Amino acid sequence: MTLLRAEGLTRHYPLPRTRVLGPRPRLTAIEDASFTISAGETLGVVGESGSGKSTLARLVMAFEKPDAGSVAFDGKDLHSLSRPDLRRLRPEFQMIFQDPYGSLDPRRRVGWSLGEPLRAMGTDEGRKIADSLVQVGLHAEDATKFPHEFSGGQRQRIAIARAIITRPQLLVADEAVSALDVSVRAQILNLLMDLQEELGLAMLFISHDMAVVAALCDTLMVLKSGNVLEQGNAAAILNAPQHEYTQSLLTAAGTP
Amino acid sequence: MIELDTLSVTFAAGSALRDISLKIAPGDRLGIVGESGSGKSLLASCLMGMAPDAATLSGTLTIDGVDMSDADEETWRPLRARRVAMIFQEPMSALNPLRRVGDTVAEPLRLHFGLSRDEAAKRVAELFAEVDLPNPERRARMFPHELSGGQRQRVLIALALACDPALLIADEPTTALDANVALQVTDLLVDLSEKRGMALVLISHDLASVARSTERVAVMYGGDIVERGGTDDVLHAPQHPYTQGLLAARPDPQAALRDEQGKRKRLPTIPGNVPPLSGLAQGCRFAGRCALERPDCATARPVPHGPRMLLCPVVEGAA
């Protein structure tokens, strides 16, 4: 069952004028990207910096509007919903970010940060904070600690706990394991696989690292300078990349 | 050329490097691999004579036959840049945003060699050409923000090369770069090392780039070198349980994604986390996370052994 359907997503950003009276040039961040994600399935998006990966995530999360195209989540067009309606739908799709140091308020206890999505929804915290901490392999008592008491990998677990606390159907992960060490990265990838099976999560997983994407994704989309170079079954692309660029990403992620 | 003998660095919280012995000969290419907190960057700063003030050092560091263990800043200054140079992870923060990159690279040339402005500018253009920056004269007049991340790292390599160092230490030089650009920068470092006969110490958590560019590798964990040997030998037939765990934890892009039941395959992991400095075992640093652990591992300091240097009492050494 298709949970997320993006069609013809395009987003330009205006650049500074080059001449006083000239038109403002445009940067095409993403051009005509279409894809679907079903429940329990992972779409991997790979590309270098500047390829439009994060713009794609921002459009899917409805943090900004596309210049063309649409995103339908569970049949509802996210970008035509009213703000209150969008807000009511947000618990269903959550995001985790790259930097586990920047995404947690250093002055607040972890439990407070975890409870924020629940307070925004207006639901009761109850046992949910403790439960979600246990679910990501931490302890219920960790809620009373501050972020600086945790390692990078543990912080990323906290960020994941915060994202799943609203029981979302879709998780958008933007370079969620890029800042982590190899052995910690493997633990977090396994955790994401566990949670996906447990909760039936659909995932949009963004990374520049082919090896990471290969471990996690069913389908794949390769971006370069805002254009979709190739997309389809992950195993097919990994075993027989059609584009030189995809091949070079694979070489770069090569085994030692 | 450079020799470290049983170098140890201790902080109030615990010892951060324990009995590190290394030899670097001219033209050597050595990789130092380890995760956060393994002590690899600290080791690099020791090689540059820049150990933090809070640290207590023991052991000896010899450069060109001269014992530098107790050398002061005055003794170090001429050695830095001219014998040992270093490049860092973040190419943006290592460059002064208000200076043209050519002027930054010219500074050591004027300072150490007393070149005139014109001579220095000419040399900078040569250096920029050597690190494959297109259109070197024009690049030299640019500011850091006008360059891409890969180009900035090339500028820093040119800066490090300016005084013809005998050893270049690269501390995570490609971590902030895109995969393709990282590959080019690593290849450039190898190329320069070969052409100039310059020794290269590549510090990285990226096993693939170390495999590509070095002849020997030292694997660090908790301030120990746990395994050291030929890069191919160590990375293709790791013997220390930590090296094995680290290599297994890398996802393989070509491997099958799901098992027969259609369940997604999990990655092999090393149980637990790297403990803080104060929480490391007094014996083997890897104790508590190791599958081969024996009762006395946590308390008895392992002795390095084997033709390939191995720091594990349980595993028999091999080449």
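1. Three salt bridges are counted between chain A and chain B. A salt bridge here is a side-chain nitrogen of Lys or Arg within 4 Å of a carboxyl oxygen of Asp or Glu. One pairs B:Arg266 with A:Asp194, and the closest N and O atoms are 2.7 Å apart.

2. A note on the source: this is a predicted model, where local features need pLDDT of at least 70, side-chain atom pairs count only at pLDDT 80 or more, and totals for chains, interfaces and linings use all residues. Residues are numbered from 1 along each chain as its sequence is written, chains are lettered from A in the order written, and side-chain values use heavy atoms, without hydrogens and water.

3. At the interface, 37 residues of chain A are in contact with 34 residues of chain B. Contact means heavy atoms within 4.5 Å. About 3,100 Å² is buried between the two chains, and carbon and sulfur atoms give 51% of that. Buried area is the accessible area (1.4 Å probe) that two parts lose on being put together, summed over both.

4. Now helix 6 of chain B, residues 149–161. Helices are DSSP runs (H or I, at least four residues), numbered from the N terminus. The expected span is 1.5 Å times one less than the number of residues. For these 13 residues that should be 18 Å, and the end C-alpha atoms are 18 Å apart, which agrees.

5. How many residues of helix 6 of chain B are buried? Eleven of its 13 are. Buried means under 20% relative accessible area (1.4 Å probe, protein chains only). Among them are B:Arg152, B:Leu156 and B:Leu161. The cover includes helix 3 (101–113) and helix 7 (179–196) of chain B.

Terms used: Helix = DSSP H or I, 4+ residues; strand = E, 2+ residues; numbered from the N terminus. Buried < 20%, exposed > 50% of the residue type's maximum accessible area, 1.4 Å probe, protein only.
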